[in-house]
Structure formats: structure tokens, C-alpha cells
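Let's take a walk through a protein model together, one piece at a time.

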Amino acid sequence: MRTLRLTVNGAPVVREVADHRLLVDFLREDLKLTGTKEGCGIGVCGACTVLLDGKPISSCLALAVHADGGQVTTIEGVAAGDRLHPLQEAFLAHGGYQCGICTPGQILAAKALLDANPRPTKADIQYWMMGNLCRCTGYYKIIESIAAAAGVE
Amino acid sequence: MAAVTRTGKAIGQPMQRVDGIAKVTGRARYAGDFDLPGMIFGRCLRSPYPRARIVSIDTRRAKALPGVHAVLTGADVADVRYGRLCRDVPILAKDIALFVGDKVAAVAADSVEIAEAALERIAVEYEELPPVLSAEEAMRPGAPVIHPEPVALMPGAIAGGHGELRMYPPIPNVISQLTLRHGDVAGALAGASKVFEHVFTVPPVHQGYIEPHSCLVSIGADGLVDVWVANKGPHIARAHMAATIGVPEDRLRFNPVTIGGDFGGKGSLMDTLLCYYLARAARRPVKMVMTSFEELTAANPRHTANIRLRTGLDRDAKIVAIDARIVFDAGAYAGFIPGPTLHGYSELAGTYRVPNCAIEVLRVYTNTVPRGHMRSPGSPQVAFAVESHIDMIARALGLDPVEMRRRNAIADGDPTPLGDRRRHLRCRETIDAGARAFGWDAPKAPGIGRGISIYEHPAGTFGRSTVTLTVGADGRITVMVGAPDTGTGFHTIAAQLVAEHFGLSPDAVAVVQGDTLTSDFEAGSSGMRVTTTVGQAIAAAADKAKQALAALAAERLNCAPSDVRMGEGGSFAASGTTIDLPALMGWAAERGKAPVTCKGENTPNQPSDQTSFAAHFAEVAVDRETGQVRLRRLVTAHDVGTIINPITHQGQIEGGLIQAVGQAMSEQVVLKEGAVITAHLGDYKLPTIMDIPALETVLLPGGNGSGPFATTAIGEMSNVAVPAAITNAVFDAVGVRLVELPIRAEKVLEGLGERTRAG
């Protein structure tokens, strides 16, 4: 066990965690932030994507202690209160989700893309998002949503 | 008469989904997201052998582990069998394990880690028995009998449809044998100008939903059992749970949850019954979430199929008869599907004029992972065979594949291959619209190939749907449904339909999913039924509610109910006076007459002459050096009626297509010595965002819709026949015929080698 000090969605968090506690379990079970989903458990599907210091990571592969001293953003922290993030608005308007299980991961991965590259091309979007699987949409509307949020055609 | 495609105030609008904000903010709650005080975690131990006698199980060391609250084996749970029709699935294997992954023991503990440590402390002694690993092997005389015990059937669930159905006929390991006949096949084949016979194999694929099967069971002190489970039909699931464990239905409450993808795979109880027995033994709420590894190796993927087709043609290349034998490998248990067999046989050339037709469908046990339903059960397998076979015949006769299909396309006046009558058949029109958009006749470069496949299916009308519609004191309307939205947009469609009936904006309508105690029966999303069946229930409830509101308006306006007219925005008018719904309901509330609540129900299995068509066109580039196939573009053409929500409709098209691309290009549940070896998402290749081709969708409005406001179904239309368009394109490119899915570069290269040697 060790004491973990980090910032989650802008708020300070201090918790005792086991050294081998996975970040996804820490978020979902200890902090009850169940918006982060676990799909494959091996870092392939991207459903558990969260941002650590602004970079997308698979929280199913990261240890909670890996986030010590860091800033974690989960889907619960993407909107500013009731004001949705432009990506959330775009996913709603363009049907970039269906069952919604991969959506938190998609939005966080896309947020990291737009933070790094505000005007991505369609090819940039595809390349960046290839680690986030979606079984419902066939991806076309995810691309449309991200492009719309970025204001590119 | 063709239905007119209409756009109303609420239908036809690209309305944002009612579950949207919850889903983009992470607030939507899936079964695995629920949490209860005192909750512990269940895990199970699975057989490593395809067929083995369980000699002994020693659980003492597991029980001694701190944090373990319950350890169960087959001896500790009721000797009952679960099944949606065939009741052959034990809670835990007793005496014998029937596939690699069969559950033999289970643990509930304070954490998943402790539960898994406890599993490692369970000693099981097995005696390996010779397994049966293929359907053909299973049917041989003298083959080991996988289920020697008599298998009970759930009452009232057998739907034979056409033909003669025999359950558990005297062929080893056969679950069901269905024979269908229309016309004189033997005579027609004898008189045919040419007869072609081909055999096709379709391996299993996984539904690929990202949310694994999850459940949480809590048994209250009062005996009420609360269940949160990723299941698309909670009312049916509850009935099956009650029938299996002997707890009355009104003591079982299935709570509303969001479903993280279904695609046919989440119709069973999976681990829920085991979870119940763990909760009972531990006296604590228990949660079980399958790992992705368990999902891929031990859930209920699509049935393996072997399909032999024999088709006779006359001198004009017109089909005179088809004789088919379809063998579905069901794996170790039959109970994961609600019917005796898969309805895919009805896809056998439903697109073609086939005057004589005979089909035998066998569903067979093997010692492999049990199979379930997936997006149009049985149809993708059969459609791959038929659409490859027709292409092979066209090529052998020197006919253009589009021309071959146009020549044989079913049209008004033709019975279906099984003798049904349908009308407003736009098969040829759908082919032509797609071919035009695709540029079928345009010149192409070497190494580029083009293929077509076509499909037909009516909307589902089976199963009961019931809704409760409440017009509140504030004039807002709530519609309660009894099943989750599996992701398709069903709840949003419900809101739009209610709004349309009352001339309101969908914003004035709330959709609530009730639990199984508060909501009425809903069979759930399957078989392209829910828009039609829930739509009928909504129409019935809306009619009643409008009558009740008109009576209230008459009272308020001092006139006869027959003088009241319903106007825009849910208002009511009589003799020059208008009252809007909030004002009317406010007035009614003061007199104790609000809310107004009405139930509506559909009429299941109404005979319908409705169907619709799809035509898919694929263009591939094949690398002759490596055999690699690249899918460059798809054109998908659909014969559609009224589209209620263009966003969700197009979402069904795009998602269905890319699932089919997966089945064609990369997905296969690979079995080796009975075990699934594609055991994680690194080995089981779902399409990624990099794998999607350029896409053009062509919609032909004006289709014959039987659903509310003349809708046609879409969810399976975009998916079923697509793989054959791609393999047909590979043949067009390099002359290599693939009779087995998926396309693998090795197979293409091997085919190219054979052609070189032969040439």
C-alpha cells in the first residue's frame, strides 16, 4: 500500500492504494467514476482510455501509482459543469455513438488529438483513433463527429 | 400500393438521441457499473478439456482462503437446466464437462483477485473422454452422444414456420432437423439444362460488443431478488430465471440498465443464475463480469455453418430449383437461442424466383463453445453461400453477375422460394440503383475487382410489445417500455413516434425503461422487430389516450366528444375554442382527472406481405505477390419506407456494413482441438477505424413498409449479405474463388498459385 496524491478531473485526491492496483479499478471502484469502461483488459480496445497529464492512456494497463502526482481526466471531467465540450456536442449531433460503451474512451482520445492538433485531417483522425474500437457505428460518424468538433469538413 | 414516405413533425427528423447526454458524459449506467453495500465478486473455474468426466472436486483450500464467502460446485446448486428453448445448460457442470470453458466451480469473494486466487486452490480431477469436434463427425452412427439425458423444452416456444420440424430426431447429436419443401425439386432438377453444386463453410465469429456479459444479483431479506444484467429482453429473461430456479416472477426484479452492445449475443442469462446461487450461498450481493478472454472463448458466438447448394437452371439461366442442406454447429449446449434452429434458411434465395425449393436444416451438438444468436441468426452464413453460388453459376455460364441477378430477381406475382406471397417487390430496382451509383460497368484497372450481393428480409412482427403511456398534469407525455435500448436508438424512435401521434415536439416526450415489476411485457430488440412492434403498441396506446383527452376537452369546452378536433402541438379545439395540452391537463388535474394513463399492445405475428431489399457492391484491390486484399469502396443500396430518424437509420447501415467487413476480412473464432485460440482482442481482429472503405449509401424511398407510418426494417439489411460481395470482387479481380470465410491472404495466394500451375 502507498499514499497516492493526484488530481482527478481538477480535484485533488489522496488515497491509499495497493501497489498493483490498476488505474481502471482505482477510478471505477475506489473513486466510483464508472464512466471509464473496461473492455478487453489488455490495452487493445481503448474503452478504458483516460488522459494522464493530457496524454491518452489505457487505464487497464496502467497502475494507479503510475498516476501519482499527475493530472487524470476521465469522461466525468470533460464537460464544464452542464456545458458540454464541443466533442460531446458533436458526438450527439452527428450520431458518433450508439450503445455508448466505447464513447467515453473515444471522446477522451479525440480530446487529446484536438488538444495537440486542433485542425486534423480525416487521415490524422483515423490514424490517431485506431486504438479505440467501436462495434456499433462502423466509425464513419465518429470521424464526422471529431471533424465537426474541430470545425474541419 | 406503395406507401408514401413521409416526414412529420417528429418522424423523419434527425433527433438527438434520448440517451445521448448520459452516454457522452459517462453517466449512462451499464450492468457492471452498479454497486451495492456489501457487494462481493464472483468468478468461475472452467474446464480445460472439450469432454471430460469430473471425477472429483476438492474445494477445501479455496474455502479456507480469507475473503472467500462461497465456493460452489455442481453438487451445491440445484439440479436444474437452463435454456431459452432447449433446457440443456447446467448452472455448473455436474459429472461431465462438455467444452473447453464449461463452468465447473465458482467462488464469491471480497475482490476479484481473491476470487481468482481461490479458483487456483480448487483441485479438479478429470478423466478425459474422446470429444466430438465437428458436426459431420457428431452425426456419424456410433459417435459419442454429447447429451444422453432427455432435454426438456420451454413450453410454447417452438416456431416451426414452414415445413416439418423434428426435435432430437434419431440422428446422433442432432438437436433439430427442419425440412422444407415447395414444388417438385427432383423433377425440376432432372429437367434442368444445367445443375451446379457447391459447398461453403462459414466459421463462427463473435458478436464483438465491447461490454462483456455482466450481472449483479442481490437477494433481499424479504425474498425479492434484484437483478442488473446485460440482457436485451428482461421480461423473457425473468420468465426463464423463474422457470429454472423456481422463484416466482413477481419476486424477481430485473432493473433497467444500459446495454453496451448486443448484436444478438445478449439474449441469454449467461452467468446470472450462477450469480444468484453465489449470492444465496454468500448471503451478499454478488457481481460477475466476464473477462474479455471468457467472452471470446466461452460465451455464445455465431454458429459455424456448412452449406451445400444444388441449383438447376433452364437454357435462359433462370433458376428452376434449389436443393439445400444446411448444417449448423451449435456447440455444447442448445439453450442459448430461443428457437429450435436458426431462421437463416429463409434467406435461401428470398431474393430470387425459385419455383421449386427443398431445404434441410440440421442443428448439431459438438464439444465446442456453445453458439448463440448474432445479427440475423443463420442468415449471414446462408447468404454467403447463396450469393457466392449464384456468382459462381453466372461466371460458369459467362453471364455478368448483375445480369444473372436481374434475370432471376423476384418480382411482384412470384411466390417466394417457400411459397409465400409478398408484394411491391423492388429487388431489380434496388440492384439497378446500386449498380448505377457504383459504376458497375465503368472500366477498371488490372488487379481491381468488383462484386455484388443482394438480400431480402421483412421486418419482424413476432413477440409481444406493451407500452404504458402517461399524459401528465403538465401536459408532458411519458412512455414506459420494458426493454433496454441496445444501442440502436429504439428509445429515441419511441419518443419520436409518441410525439408524432400527438403532434408534439419529441422534447415533450420522455421515455422510461421500467423494471420488470413496473413495466409490462416487452420481448426486446431482436429480429428487426422493435420499431414495428413497439410502434404498434405506441399507436394503440396513443389512440386510447387521444380519446380520453378528447373526452376531457369536450367536458372542458362544453361540447360533445365527437365535436372535438385534435390540432397541432397536442391542442384540442371545438366550436372555435382551442385549448392546449398543458392547459387541458392542468384543468383536469384540478378535478383529479390527471394523469391520463393508457396501455397499448401490438398484435404479434400478424401476416404481412411486406419485405424489403438491399444490394451491396464492393471494389477490392488484390496484390498478386502477397494475396493481400484491400477493400477500396462499398456502395450499399436499400429499399426503404419511412425513415423515422435519419441518424440512427444511417448508423444501422454503417455499423452493419463494417461488422460484415470484419466477418469477410478478418474475424474468425478459431478452434483448435475444440478450444478457442483467438482468445483476446489482439488475436480476434475486429475492424478498426483504419479498415473502413469509402462508402456510398443509396436509399430508394417509397418501399412497402409494414411498420408504424410505413417503416421498413434496417438493422440486418446492411449486414447479412455483404461478405459475398467482397469475395465475389476478389474472384473478379484475380479469378480466385473463396468458399470459406474470412478472406485470408494465404488462401488468395494459394488460389493464385493453383491458377498459375493450371494455366
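Helices (H or I, at least four residues) and strands (E, at least two) are DSSP runs, numbered from the N terminus. Strands of a sheet pair through backbone hydrogen bonds, either parallel or antiparallel.

What you're looking at is a predicted model, where local features need pLDDT of at least 70 and side-chain atom pairs count only at pLDDT 80 or more, while totals for chains, interfaces and linings use all residues. Residues are numbered from 1 along each chain as its sequence is written, and chains are lettered from A and ligands numbered from 1 in the order in which they are written.

Strand β1 (residues 40-46) and strand β17 (residues 286-289) of chain B pair in the parallel sense, over two bridges. To find the spot, look for B:Ile40, which stands opposite B:Val286 in β17(B). Now zoom out: these strands belong to an open sheet of seven, in the order β3-β8-β1-β17-β14-β15-β16 (chain B), with mixed pairing. At its edges you'll find β3 (68-73) and β16 (252-254) of chain B, each pairing on one side only. From neighbour to neighbour, the strands of this sheet are turned by 20 degrees on average, direction ignored. (Axes are lines fitted to C-alpha atoms, for helices over the stretch in contact, and angles run from 0 to 180 degrees between N-to-C directions.)

Helices pack on this sheet too. Helix α3 (residues 112-120) of chain B touches β1, β3 and β8 (103-109) of chain B, and its direction makes about 30 degrees with that of β1(B). Contact here has a plain cut-off: two residues are in contact if their C-beta atoms, placed from the backbone, lie within 7 Å. Then there's helix α6 (residues 234-245) of chain B, which lies across β15 (225-229) and β16 of chain B and runs at about 150 degrees to β16(B).

Next, a second sheet in chain B. Four strands make up this open sheet, in the order β21-β29-β30-β33 (chain B), again with mixed pairing. β21 (448-457) and β33 (694-700) of chain B stand at the edges with a single partner strand each, so one side of each has no neighbour in the sheet. The twist here averages 15 degrees from one strand to the next. One of the pairings to look for is B:Val622 with its bridge partner B:Val629 in β30(B).

Which helix lies across β21, β29 and β30 of chain B? That's α16(B), running at about 155 degrees to β21(B). This helix also meets another one: the axes of helix α9 (residues 379-396) and helix α16 (residues 722-734) of chain B come within 8 Å and cross at roughly 30 degrees. Among the residues making the contact are B:Phe384 of α9(B) and B:Phe731 of α16(B). By class, the contact residues are six nonpolar, three polar and two charged. (Ala, Val, Leu, Ile, Met, Phe, Trp, Tyr, Cys and Pro count as nonpolar, Asp, Glu, Lys and Arg as charged, and the others, Gly among them, as polar.)

Time to step back to domains, whose bounds come from an automatic or database domain assignment. Chain B is divided into domain 1 (34-130 + 211-260 + 266-298), domain 2 (304-459 + 608-758) and domain 3 (461-601). The C-alpha centres of domains 1 and 2 of chain B lie 37 Å apart, and 22 residues of domain 1 of chain B are in contact with 24 residues of domain 2 of chain B. On the domain 1 side, α8 (292-298) of chain B is one of the elements that each supply at least two residues; α8(B) has the largest share, five residues.

Chain A has domain 1 (2-77) and domain 2 (86-150), with 21 Å between their C-alpha centres. There, 15 residues of domain 1 of chain A are in contact with 13 residues of domain 2 of chain A.

Finally, how many residues does each chain bring to the contact between chains A and B? Chain A brings 40 and chain B brings 41. On the chain A side, α2(A) gives the most, with four residues. That side of chain A divides into 23 nonpolar, 13 polar and four charged residues.

Note on methods
Pairing = 2+ DSSP bridges.
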